[in-house]
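Q: Got a model open here and I want to go through it piece by piece. Can you take my questions as they come?

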Amino acid sequence: MLEIKDLKVIFEQNTVNEKIALDGLNLKLEDGDFLTVIGSNGSGKTTLLNAILGLVEKQAGTIILDDEDITKKPSHKIAKDVGVVFQNPLRGTAPNMSIEENLALSSAKGKFGVFSNGTSKKNKQKFREALSTLNLDLENRLETNVALLSGGQRQALTLLMATNEKPKLLLLDEHTAALDPKTAANILSLTDKIVKEKKITTIMITHNVKDAITYGNKLVLLNEGKIKLYFDKEEKEKLTVEKILSLYNYNLSDTQIFN
Ligand SMILES: Nc1ncnc2c1ncn2[C@@H]1O[C@H](COP(=O)(O)OP(=O)(O)O)[C@@H](O)[C@H]1O
Ligand SMILES: [Mg+2]
């Protein structure tokens, strides 16, 4: 499904600021895998997602998605197949537009089966149905400006827009880190529900080791641009926060393991 081979990303190469962000990284995911990724700040987690999305230059390596070599594919084309939710709730939706208009915008990319006249009566019904799956009562607020929604509601909306039409791959970059603990937990279980129901191949980066253990079927720990620890389904089921910490001198100050 996803195969990353010897991926190397070096920022500001051949300058005093040279930084090897990904140092020959290898990763293989099967269809429907839900991988959680942990690692201290600067270990290359976001760069890995950006590399898949075609947003950073790669110095070496290949990325194969669904039998297609996307290593050099333009980012706007990759975006058609890959759903993304970032940490910042403001990033995934347009604040000065209504919920309905945001959904119509995302449907212009082929989502929701709506292509033109995004806010017609028929489309409203499709949007209502999709929104009702979130259980946030947003289906009755189609005309509400997105700026008036909470961070959690916006992340839920972004998640819906990213997954309504099943993407080949879903990338989540600490998408609950900016939310309060209760909202974060809600968005996480919503994420888990969507990923499982639609069997979406997913990579979720999190700062929270406990969440990384609780969710998904595979787990990796990144360090200095490489995968330092890898746990498959069976190993992951037996994992504890303490075990990860004992296996690796994990940087405690960077994590919120007891949340
Ligand atoms: N656009 C960039 N230019 C220069 N250095 C960068 C850039 N993006 C990331 N880096 C550096 O690459 C390393 C990995 O960053 P990142 O992937 O964002 O880490 P993480 O998400 O694990 O915290 C860090 O040292 C970071 O400072
Ligand atoms: Mg990051």
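A: Starting with a strand pair: β4 (residues 60-65) and β5 pair in the antiparallel sense, over 2 bridges. Strands here are DSSP E runs of at least two residues, helices are H or I runs of at least four, and both are numbered from the N terminus. Two strands pair if DSSP finds at least two bridges between them. This is a predicted model, where local features need pLDDT of at least 70, side-chain atom pairs count only at pLDDT 80 or more, and totals for chains, interfaces and linings use all residues. Residues are numbered from 1 along each chain as its sequence is written, chains are lettered from A and ligands numbered from 1 in the order in which they are written, and side-chain values use heavy atoms, with hydrogens and water left out.

Q: Which residue stands opposite Glu68 in β5?
A: Leu65.

Q: And in the hairpin of β4 and β5, which residue takes a positive phi?
A: Asp66, with phi near 50°. The hairpin has 2 residues between the strands.

Q: How many bridges join β1 to β4?
A: 5 bridges, and the two strands run antiparallel. β1 covers residues 2-11. One pairing to look at is Lys8, whose bridge partner in β4 is Ala60.

Q: What's the strand order in the open sheet?
A: β2-β1-β4-β5, so 4 strands with antiparallel pairing. β2 and β5 (68-69) are the edge strands, and each pairs on one side only.

Q: Switching to ligand 1. Which residues are around it?
A: Phe11, Glu12, Lys19, Ala21, Ser40, Asn41, Gly42, Ser43, Gly44, Lys45, Thr46 and Thr47. To be in that shell, a residue needs a heavy atom within 4 Å of the ligand.

Q: Where do oxygen atoms of ligand 1 lie 3.2 Å or 2.9 Å from protein atoms?
A: At 3.2 Å there is a backbone N or O atom of Ser43. At 2.9 Å there is a side-chain N or O atom of Thr46. A polar backbone atom of Gly44 is 3.1 Å from a ligand oxygen.

Q: How much of ligand 1 does the protein cover?
A: 63% of the 570 Å² of accessible area that the ligand has on its own. The areas come from the Shrake-Rupley method with a 1.4 Å probe; for residues, only the protein chains shown count as cover.

Q: Which elements give two or more residues to the shell?
A: β2 (19-29) and α1 (45-52). α1 gives the most, with 3 residues.

Q: Now α5. Is it mostly covered or open?
A: Mostly covered: 12 of its 13 residues are buried, including Gln153, Arg154 and Leu160. Buried means under 20% relative accessible area, exposed over 50%, and partly exposed in between, using a 1.4 Å probe and protein chains only.

Q: What span should its 13 residues have?
A: 18 Å, and the end C-alpha atoms of α5 (residues 151-163) are 18 Å apart, which agrees. The expected span is 1.5 Å times one less than the number of residues.

Q: Last two. Where's Leu103, and where's Ala177?
A: Leu103 is in helix α3 (residues 99-107). Leu103 counts as buried because its relative accessibility is 0%. Ala177 is in the loop between β7 (169-173) and α6 (181-198). At 42% relative accessibility, Ala177 counts as partly exposed.

Definitions and conventions. Polar contact = N/O pair within 3.5 Å; in protein donor to acceptor, adjacent residues only side chain to side chain.
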